[in-house]
Amino acid sequence: MIRKFISRVLGRKDLAPRPDAAIIAVAQHGLRREQISRGCQRTVETLQENGYQAYIVGGAVRDLLAGLTPKDFDVATNATPEQVRQCFRRSRIIGRRFQIVHVSMGSETIEVTTFRGHHGEHAGNKAQTDAQGRVLRDNVFGSQAEDAARRDFTVNALYYDPSSETIIDYHHGVADLQQKTLRMIGEPKTRYREDPVRMLRAVRLAAKLGLTIDPAASRPIREMADLIDNVPPSRLFDEMLKLLTSGHAVRCVTQLREEGLHNGLLPLLDVILEQPLGECFVMLALEATDRRVDEGKPISPGFLFATLLWHEVLAKWQLLKAQGEPAIPALFVAMDEVLDVQCGKLAITRRIAGDIKDIWGLQPRFEQRSGKRPYGVLQQPRFKAGYDFLLLRAASGEIEPAISEWWTEFLYASDEARAALLLPPQPGEARRRRRRRRSPARQLENPDSTA
Ligand code: ATP
Ligand code: MG
């Protein structure tokens, strides 16, 4: 009790934001505290009652001001992680590089971050960077003004206080949002060098919020795009996934190409989009993904990456077949080659790689429409994803629509109707099957035969 009181009184002196910050009243910005989740309001209140500064910050404030529903709520405070933890019974500190606190409020988890500070200005505080200037460590606490300055875009540096319903704005973020501009805080080239992922964030946030990237921030992207190669694969994967599942994937990818940012990110964005059939396939896949996001349906990363990489696989597969390799083993070789390269670049996890392979591996099996095999295909755990993939291949003109139409009919038909749909065995099929039964390669050709 006494400690609380003392910290409240002592804390007061730095509770006021710096004089150069604009304090924007609710009449001007229109964001009401009821729009903030209950758990987040309580988190902020509790911190404030304990004498700390606490604000809702980042994407949630930005999205609410733009009329979008935020994904989650982040809180920024001047309390250290340990002090935050002491304020909440159900909370834990996570993260090694920069500690944050997860506060549980009912079913909600609120991420509470301590204000981060500058580096470089004081000896001993210098940020560690790699040879290209990318910041490797970034774990100095600071004031609210410093915290604002190290955020990426002005619209992301708004601090909302639910108790007074005011926004503290150091970088004209509210005005930028109203003028539909995505503006970098600080000098864009320096900021991209510190963290090249900001180039991808610029594209994603502009597409999501319908903002124009300020020319000063978009101009350097083309020449600095190669810095993306330097980003750890797991981070790139997370960011690409965010971009592709943002609900605006088509707009993002189009913009990535306009900004010259696509090279090296994914083969889709290099080679595939330059082939008319590949571009059509990828764009159809992204449109379908955007539609699913819009309808609130889940997105499978495996399916998404399977579509993005498919034409790369197809090109290798065709090459191997032309060299005389049997079709099915050739497909598996092509799949492995493509995934090896991409897993290195993008840190596609083993589980997702497994999903991708299942979807690709089903494709040649859709060609078999006689005998018992179509029933086996229906039983495959990834059948639905493989079938959706088949529909995209047909829609893009890669395969005969007759194949996907047949599967649609077969899928929804009764038992008798299914039997009637089966095609007569292809000439030579019975002989092939007999031979295969003796062949050791059988497992590969018919991977579910033992399932
Ligand atoms: P969304 O949640 O829609 O992906 P977001 O802006 O909330 O968008 P987060 O990754 O949740 O993105 O980051 C929260 C906040 O942290 C951002 O709004 C921004 O202020 C800051 N931030 C995130 N990434 C960076 C970065 N690379 N450089 C500087 N600030 C960043
Ligand atoms: Mg966020």
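Contact, as the word is used here, means heavy atoms within 4.5 Å. The structure is a predicted model, in which local features need pLDDT of at least 70 and side-chain atom pairs count only at pLDDT 80 or more, whereas totals for chains, interfaces and linings use all residues. Residues are numbered from 1 along each chain as its sequence is written, chains are lettered from A and ligands numbered from 1 in the order in which they are written, and side-chain values use heavy atoms, with hydrogens and water left out.

The chain contains 24 helices and 10 strands, where helices (H or I, at least four residues) and strands (E, at least two) are DSSP runs numbered from the N terminus. Of its 451 residues, 49% are buried; buried means under 20% relative accessible area, exposed means over 50%, and partly exposed lies in between, with a 1.4 Å probe and protein chains only. The chain exposes about 22,300 Å², of which carbon and sulfur atoms supply 51%, the areas coming from the Shrake-Rupley method with a 1.4 Å probe, and for residues only the protein chains shown count as cover. Among contacts between residues at least 6 apart in sequence, 67% join residues at least 24 apart.

Within H18 the buried residues are Ile352, Ala353, Asp355, Ile356, Ile359, Trp360, Gly361 and Leu362, and what covers them includes H12, helix H16 (301-322), helix H17 (327-346), helix H19 (373-378) and helix H20 (383-395).

Helix H15 (residues 276-294) can be read in the same manner. At 1.5 Å a residue its 19 residues should span 27 Å, and its end C-alpha atoms are 27 Å apart, so the two values agree. The buried residues of H15 include Phe281, Val282, Met283 and Leu286, and also Thr289 and Asp290. Just after H15, Gly296 takes a positive phi of about 75°.

Asp152 is buried, because its relative accessible area is 8%. The side chains of Glu239 and Arg204 also meet in a salt bridge, 3.0 Å from N to O, and this pair too links distant parts of the chain, Glu239 being in helix H12 (residues 233-244) and Arg204 in helix H9, 35 residues apart. Both Glu239 and Arg204 are buried.

Another bridge lies within a single helix: Arg85 pairs with Glu82, the closest N and O atoms being 3.4 Å apart, and both lie in helix H5 (residues 81-87), 3 residues apart, about one turn of the helix. Arg85 counts as partly exposed because its relative accessible area is 32%, and Glu82 counts as partly exposed because its relative accessibility is 38%. Elsewhere, Arg62, Asp63 and Lys208 are linked in a network of salt bridges.

Asp161, in strand S7 (residues 158-161), is buried yet has no salt bridge, the nearest side chain of opposite charge being Arg33 at 7.6 Å; here Lys and Arg count as positive and Asp and Glu as negative, while His and the chain ends are not counted. The side chain of Asp161 does make polar contacts, one with the side chain of Gln48 at 3.1 Å and one with the side chain of Ser163 at 2.7 Å. A polar contact is a pair of N or O atoms within 3.5 Å; within protein, one must be able to donate a hydrogen and the other to accept it, and residues adjacent in sequence count only if both atoms are side-chain atoms. Not counting residues up to four places away in sequence, Asp161 touches Gln48, Tyr55 and Thr166.

Gln35 sits in the loop between helix H2 (26-29) and helix H3 (38-49) and is partly exposed, because its relative accessible area is 35%. A polar atom of the Gln35 side chain lies 2.9 Å from the backbone nitrogen of Arg32. Leaving aside neighbours within four places in sequence, Gln35 is in contact with Gly30, Leu64 and Phe73, and the C-alpha atoms of Gln35 and Leu64, 29 residues apart along the chain, are separated by 7.7 Å.

Key: A salt bridge is a side-chain nitrogen of Lys or Arg within 4 Å of a carboxyl oxygen of Asp or Glu. The expected span of a helix is 1.5 Å times one less than its number of residues.
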